[in-house]
Each structure stands twice: as structure tokens, then as C-alpha cells.
Amino acid sequence: MSKDAILGAIRRGLKRGPLPADQQAMLAGRIATHPRHLIPARSRLPRAEQIALFIRNVEKEFGTVERVPDHAAIPAAVADYLAAQNLPSRIVMAPHPDLTGIDWSTRPMLEREARRAQDGDAVSLQHAWAGIAETGTLVLPSGAERPTTLNLLPDTEIAVLRASDVVGAYEEAWDRLRAGAQDSLTGGFMPRNIMLVTGPSRSADIEQTLELGAHGPRRLHILLVEDEPAPRMESPAEARAEATTQPGAPAAPGD
């Protein structure tokens, strides 16, 4: 059904015709200018603190983050994570150039296929388009190089995100999407689907008992590629690990 047919059915249901010219002009102006909503002050931080905020919010929502120096370190990071979680050394990954261009020969025992996820796939490796610091959210627009099924079907999702693709607020992510994407058919910037993922899938609908993996992956692990020279702040997880490996050191905040 075309857009005109859908809008015509809505007008008939509301028992009115097309909007008056002044209202049409007002709506067209709003769509063209993309007015911003309120941006939380917590996201307006120096760059290093913005990255630290993103990591802190991911961990608060039951996700995990590992910082890696470059894409060459990803095979080892993936293999180590699978071993630590007692998962099979087999992944289905997004056919994105950032992932397919990696030299995977350093981990020959790690089986991988670049395709959409299917029933029975246990672990996916996804390319994250952006991260939002204010909530620790991944932005995952659909596309041939970033299949949406990788975000839904496997029990464990590993996402590769460049530190340079972390923004402070949602509005900044929409700005980037408008500037960098255009549909060849419609001329618009929206892909077929955009998933905003904050932590692993979870629900407490039944007796208010939190259940992970209710509608998607029960584990979300982010490999944050340090691809920008911004000063680095220690994440809470790294602080706890450092305190654990140094006997006699004071406990990290929150321990």
C-alpha cells in the first residue's frame, strides 16, 4: 500500500481533508530543519570522560566492554572472550569491510562465516555504527553489511565499535545518520530498520523477576577499538581488575 493510500485512509477516519496550507508549511519546515530536543548535560563532557561514560552505562545495563588498540587485536579478543564464557569457537559475523578486512589467521581455530544469522547460531560478531554515551546504547542501522538478525537470533552478541564513533547524545547520532546516509530510492536518510541496543535483552514482565535473553542475546560484549588520540580514562571494570591484581591496594569505588 502506498503512502498516499495510507494517509488517505487516516484522513477518512478523521473525517477531514488535506491540511490547510499554513499547517502544511509549518510541518514541512519542521521536517526540513530537524529541530533538536533537549540534550542532557551529562553527555556534554570532554572526550575522554564521554568514552568513560559510555562504558560505565554499558556495564550498568549488564553489558561488558573490552578496549582493544586496533582491529588487528580483535581475533585474539574474540577468541579469549569465547574461551572465558565456555562458548564454541565459532561465530557468524557481519560482512562489513571493517570485519572482513581483518587478518583472522592469527586465530586459525576460530571458525567464522560472514552472513545473516540463522537458527542455531550461538555467537554473532556485529559492526556497531555508533555508540551513545548518555545511555550506553549501540546504534545499529540495518543493511547488507550489517544484518539485523545478528542482533536478535544468537544467544551472545559481540559488537565492534570504534571509539571515534561514540557520540554524547542521541541527537548527535541522528545528525550523523542524516549527513552520511541517503536511500537511493526515496532520497531519505532512514534505512529499513535501526536498532538501539542498550545492554543484553532482558525482561521482568513475569513476577518482576529479571530474565536475561528474553527477546534476543543474553550476553552483549563490546570491543571498543581505540582509534583516536583522545586521553584515556580508566573504566570501572579496569579499576576493579587492577585492584584485584595488586594485593594490598585499596578497593575500587563500589567494591
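This dialogue reads a few local features of a predicted model.

Student: Where does strand 4 sit, buried or exposed?

Tutor: Buried means under 20% relative accessible area. Strand 4 covers residues 123-127, and five of its five residues are buried.

Student: Which residues lie on each face of strand 4?

Tutor: Val 123, Leu 125 and His 127 are on one side. Ser 124 and Gln 126 are on the other. Both faces are covered.

Student: Which strands pair with strand 4?

Tutor: Pairing takes at least two bridges between two strands. Strand 2 runs parallel to strand 4, joined by two bridges. Strand 7, residues 156-162, also pairs with strand 4 in the parallel sense, over five bridges.

Student: Now the backbone. What is the phi of Lys 15?

Tutor: Phi of Lys 15 is near 60°, a positive value, and the residue is not glycine. Lys 15 lies in the loop between helix 1 (3-14) and helix 2 (21-33).

Student: Why does Lys 15 count as exposed?

Tutor: Because its relative accessibility is 76%, and exposed means over 50%.

Student: Where is Asn 86?

Tutor: In the loop between helix 4 (74-84) and strand 2 (90-93). Asn 86 also has a positive phi, about 60°, without being a glycine. Its relative accessible area is 70%, so Asn 86 is exposed.

Student: What sits over the ring of Trp 129?

Tutor: A charge over a ring must be within 6 Å of the ring centre. Here the charged end of Arg 176 is 4.9 Å from the centre of the Trp 129 ring.

Student: How many aromatic pairs are there?

Tutor: Ring centres must lie within 6.5 Å to pair. The count is zero.

Notes: Residues are numbered from 1 along each chain as its sequence is written. This is a predicted model: local features need pLDDT of at least 70, side-chain atom pairs count only at pLDDT 80 or more; totals for chains, interfaces and linings use all residues. Side-chain values use heavy atoms; hydrogens and water are left out. Rings of Phe, Tyr and Trp (its six-membered ring) pair if their centres lie within 6.5 Å; planes under 30 degrees apart count as stacked, over 60 as edge-to-face and the rest as tilted. A charge sits over a ring if NZ of Lys or CZ of Arg is within 6 Å of the ring centre and within 35 degrees of the ring normal. Helices (H or I, at least four residues) and strands (E, at least two) are DSSP runs, numbered from the N terminus. Buried means under 20% relative accessible area, exposed over 50%, partly exposed in between (1.4 Å probe, protein chains only).
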